Amino acid sequence: MKSRFEKLVTRSLAVVLGCICLTPLTAGATSPTYLIAIGNNAGAANEVELLYAERDARQVTRVFQELGEVSGKTTMLLAGENASTVRSALLDLNARIRAGGETDPKLIVFYSGHADSKALHLGNTRLDLTELRAIVKGS
């Protein structure tokens, strides 16, 4: 089980990465930016339920829309969803990006929740990181 310090560092890192990602978005980018924010408080059966992962995903979505000028039309929020739903949403978003014909679209994937070095833990389901990388790379 993670200590309070480890949880704080993880949440802080997500906030810092979000701030870093906002910088190029507000610098007059003309190509569309797609955001998929995933948050899941529940992990595997042996993991303690998180309090703020789903809230983090909602807040990141709001920040990118308000400050990063990411359109609601190119934003997807998945809170409390299982691996199958997340996988389908990512694949649908990939198809949408490829069909859009825009020049140099950008994709931001945000995740807050339980994970290990091999997979995201979305409730009692897992999304393998190699699969996640392949799906994101396919956009």
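Trainee: Which residue takes a positive phi in the hairpin of E4 and E5?
Mentor: This is a predicted model. In that hairpin, Gly-123 has a positive phi near 65°. Two residues lie between the strands of the hairpin. Gly-123 sits in the loop between E4 and strand E5 (125-128).

Trainee: Is Gly-123 buried or exposed?
Mentor: Buried means under 20% relative accessible area. Gly-123 is at 13% relative accessibility, so Gly-123 counts as buried.

Trainee: Which residues are in contact with Gly-123, leaving aside neighbours within four places in sequence?
Mentor: They are Asn-40, Ala-42, Gly-43 and Ala-44. Take Gly-43. In sequence, Gly-123 and Gly-43 are 80 residues apart. In space, their C-alpha to C-alpha distance is 4.3 Å.

Trainee: What share of contacts in the protein join residues at least 24 apart?
Mentor: Count contacts between residues at least 6 apart in sequence. Of these, 70% join residues at least 24 apart.

Trainee: Now the strands. How do strands of a sheet pair?
Mentor: They pair through backbone hydrogen bonds, either parallel or antiparallel. Here, E4 and E5 pair in the antiparallel sense, over four bridges. Leu-122 has Thr-125 in E5 as its bridge partner.

Trainee: What is the order of the strands in the sheet?
Mentor: The order is E2-E1-E3-E4-E5. It is an open sheet of five strands, and its pairing is mixed. Strand E2 (75-79) and E5 stand at the edges. Each has a single partner strand, so one side of each is left without a neighbour in the sheet. On average, neighbouring strands of this sheet are turned by 25° against each other, direction ignored.

Trainee: Which helix packs on the sheet?
Mentor: Helix H2 (residues 53-66) does, touching E1, E2 and E3. The direction of H2 makes about 165° with that of E1.

Trainee: How many residues lie between E3 and E4 in their hairpin?
Mentor: Three residues lie between them.

Trainee: Let us look at one residue of E3. Is Ser-112 buried or exposed?
Mentor: Ser-112 belongs to strand E3 (residues 106-115). Its relative accessible area is 11%, so Ser-112 is buried.

Trainee: Which side chain makes a polar contact with that of Ser-112?
Mentor: The side chain of Asp-56 does, at 3.2 Å. Ser-112 also touches Ile-38, Gly-39, Asn-40 and Ala-53, setting aside residues up to four places away in sequence.

Trainee: On to helices. How are two packed helices described?
Mentor: By the angle between their axes and the distance between the axes. Take helix H3 (residues 83-100) and helix H4 (residues 129-137). They pack at an angle of about 20°, and their axes are 9 Å apart. Angles under 35 degrees count as roughly parallel, and that makes H3 roughly parallel to H4. The crossing of the two helices is left-handed.

Trainee: Which residues make the contact of H3 and H4?
Mentor: From H3 come Arg-87, Leu-90, Leu-91 and Asn-94. From H4 come Glu-131, Leu-132, Ile-135 and Val-136.

Trainee: Is Asn-94 buried or exposed?
Mentor: Asn-94 is at 4% relative accessibility, so Asn-94 counts as buried. Leave out residues up to four places away in sequence, and Asn-94 touches Leu-107, Ile-135, Val-136, Gly-138 and Ser-139.

Trainee: Let us step back. How many helices and strands are in the protein?
Mentor: There are four helices and five strands. From the N terminus on, they run α-β-α-β-α-β-β-β-α.

Trainee: What percentage of the 139 residues is buried?
Mentor: Buried residues make up 35%. Gly-123, Ser-112 and Asn-94 are among the buried residues.

Notes
Residues are numbered from 1 along each chain as its sequence is written. Side-chain values use heavy atoms; hydrogens and water are left out. Buried means under 20% relative accessible area, exposed over 50%, partly exposed in between (1.4 Å probe, protein chains only). A polar contact is a pair of N or O atoms within 3.5 Å; within protein, one must be able to donate a hydrogen and the other to accept it, and residues adjacent in sequence count only if both atoms are side-chain atoms. Contact means heavy atoms within 4.5 Å. Two strands pair if DSSP finds at least two bridges between them. Axes are lines fitted to C-alpha atoms, for helices over the stretch in contact, and angles run from 0 to 180 degrees between N-to-C directions. Angles under 35 degrees count as roughly parallel, over 145 as roughly antiparallel, 65 to 115 as roughly perpendicular and the rest as oblique. A crossing is left-handed if the near helix is turned anticlockwise from the far one by less than a right angle, and right-handed if clockwise.
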